[in-house]
Amino acid sequence: MKVSKKVIGVEYAIRDIVLAARKVEQKGMKVDYLNIGDPVQFGFQPPDNVKQALIDAINKGENFYSSSEGILELRQEIAKKENLKGLSIGADDILITNGVSEGLDMVISSIVEEGDEVLLPGPYYPPYASYVRLHGGIPVEFAVDLNNSTPDIDDIKSKITPKTVAICLISPNNPTGVVFNEKALKELVNIANQHNLYIICDEIYDQIIFDEKFVGIGKVTGDSPVIVLNGFSKVHLMSGWRIGYIAFNQSSKLDALREHLPKLARVRIATSLPVQHAALESLRGPQDYIGKFVSEIKKHRDLVVKRLNEMPGLSCPNPKGAFYAFPKIEDKKFGTDKEFVTKLLETKGVLTVHGSGFGEQYGSGHFRLVYLPKLDVLDSAMNKIEEFVSNSKL
């Protein structure tokens with residue numbers, strides 16, 4: 001039977017690689033899962049007041065369809081948060097989604113037609129390319145200096161064509177931990193304005209920052225056509241509850257998108273109402289747990305980056321945000337990055353993700369690992385990786 005050529009091009013390396021891990025487990029080997037960036041799976045739970053808000057909403061009968069754009073109180077609270085980061089928007093500029101992934105799909109499907117090009121930071125989070133391809137577009141990677149957290153402006157300019165419709169940013173970045181500073185964000189907004197392009201900025205890790213203050217794109221946006229994607233999975237530890245949002249900057253260039261994109265929200269009905277009440281509480285309630293979470297994760301980052309850089313044949317930039325390391329495989333004896341990841345899994349039981357799964361052009365020759373597990377688990381996994389790369393017989 002026929003299968004759409006669009007869906008054949010959809011990939012998600014982070015979860016696709018789990019199939020290989022299951023085969024290894026079937027042979028009796030224990031696997032250390034360092035592939036999925038889900039804090040909750042590693043023991044970081046949402047605070048009790050947020051859990052209780054979900055329970056209370058259910059018990060009070062808040063179990064019906066909400067409005068498609070999301071409840072007003074939550075949208076108002078999100079607008080306050082985004083305004084503190086530099087935007088100047090209201091509740092009507094917010095649309096609640098079932099996670100950032102749904103928001104991304106809605107945005108891409110609303111602006112991309114057959115043959116259109118979308119610029120993505122290389123390396124990038126895989127769904128960006130998958131959704132672009134799914135809707136007939138072409139993902140185009142641009143270079144980023146991973147050591148200095150700066151986009152290659154000249155490379156971006158050279159890759160803009162009459163078919164380019166948008167520039168996507170992910171800051172802090174998955175998979176690299178790169179965080180763009182104010183100067184870089186301003187340059188990117190200026191380029192988008194010069195070429196009449198949308199800017200789509202994913203800030204899902206906006207409070208998971210280690211060494212310097214985070215600057216949101218709202219600070220440099222002005223009246224540019226900027227669309228911010230964010231949610232509650234990472235900072236607010238609500239990954240399994242699937243809630244995110246789209247924030248539209250108040251730009252006249254977004255008027256048509258504001259009119260038509262919400263149709264997609266109405267078609268999919270709504271986001272879970274009890275979860276929206278939990279998200280509201282996560283914004284209104286105590287925030288001290290976030291700082292404690294980030295402080296703990298920084299210790300994990302420091303351990304992993306130090307260990308990786310001490311290993312022969314590997315080098316690892318210092319991530320400035322999120323919870324991923326993206327080491328470069330310097331030694332060619334390991335073969336491709338996919339071969340490296342496969343051999344590491346099969347011989348040592350450590351599951352990571354091949355860098356080419358985050359973009360062939362700039363991801364190849366790297367691998368990504370998550371440093372969310374407890375310190376003793378990470379230390380053990382680092383020992384296994386060190387044993388693997390030190391094996392001269394590979």
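The structure holds 10 aromatic pairs, where rings of Phe, Tyr and Trp (its six-membered ring) pair if their centres lie within 6.5 Å, and planes under 30 degrees apart count as stacked, over 60 as edge-to-face and the rest as tilted. One of them is edge-to-face: Tyr 205 and Tyr 324, at 5.8 Å centre to centre with 85° between the planes. This is a predicted model, in which local features need pLDDT of at least 70 and side-chain atom pairs count only at pLDDT 80 or more, while totals for chains, interfaces and linings use all residues. Residues are numbered from 1 along each chain as its sequence is written, and side-chain values use heavy atoms, with hydrogens and water left out.

Back to the tyrosines. Tyr 205 sits in the loop between strand 7 (198-202) and helix 10 (218-221), and Tyr 324 is in strand 11 (residues 324-325), so the pair links parts of the chain 119 residues apart; helices (H or I, at least four residues) and strands (E, at least two) are DSSP runs, numbered from the N terminus. Tyr 205 counts as buried because its relative accessibility is 3%, and Tyr 324 is buried at 1% (buried means under 20% relative accessible area, exposed over 50%, partly exposed in between, with a 1.4 Å probe and protein chains only).

Now look at Phe 334 and Phe 388: their ring centres are 5.7 Å apart and their planes at 25°, so this pair is stacked. Both Phe 334 and Phe 388 are buried. Together with Phe 340 and Phe 367, they form one aromatic cluster.

Phe 388 leads us to helix 16 (residues 375-390). In this helix, Leu 378, Ala 381, Met 382, Ile 385, Phe 388 and Val 389 are buried. They cover an arc of only 120° around the axis, so they lie on the same side of helix 16; the arc is that of the directions from the helix axis to the C-beta atoms. Among the elements covering these residues are helix 13 (288-309), helix 14 and strand 15 (367-370).

Strand 3 (residues 117-122) and strand 4 (residues 138-145) run parallel and are joined by 6 bridges, with Leu 120 opposite Glu 141 in strand 4.

Note on methods:
Two strands pair if DSSP finds at least two bridges between them. Contact means heavy atoms within 4.5 Å.
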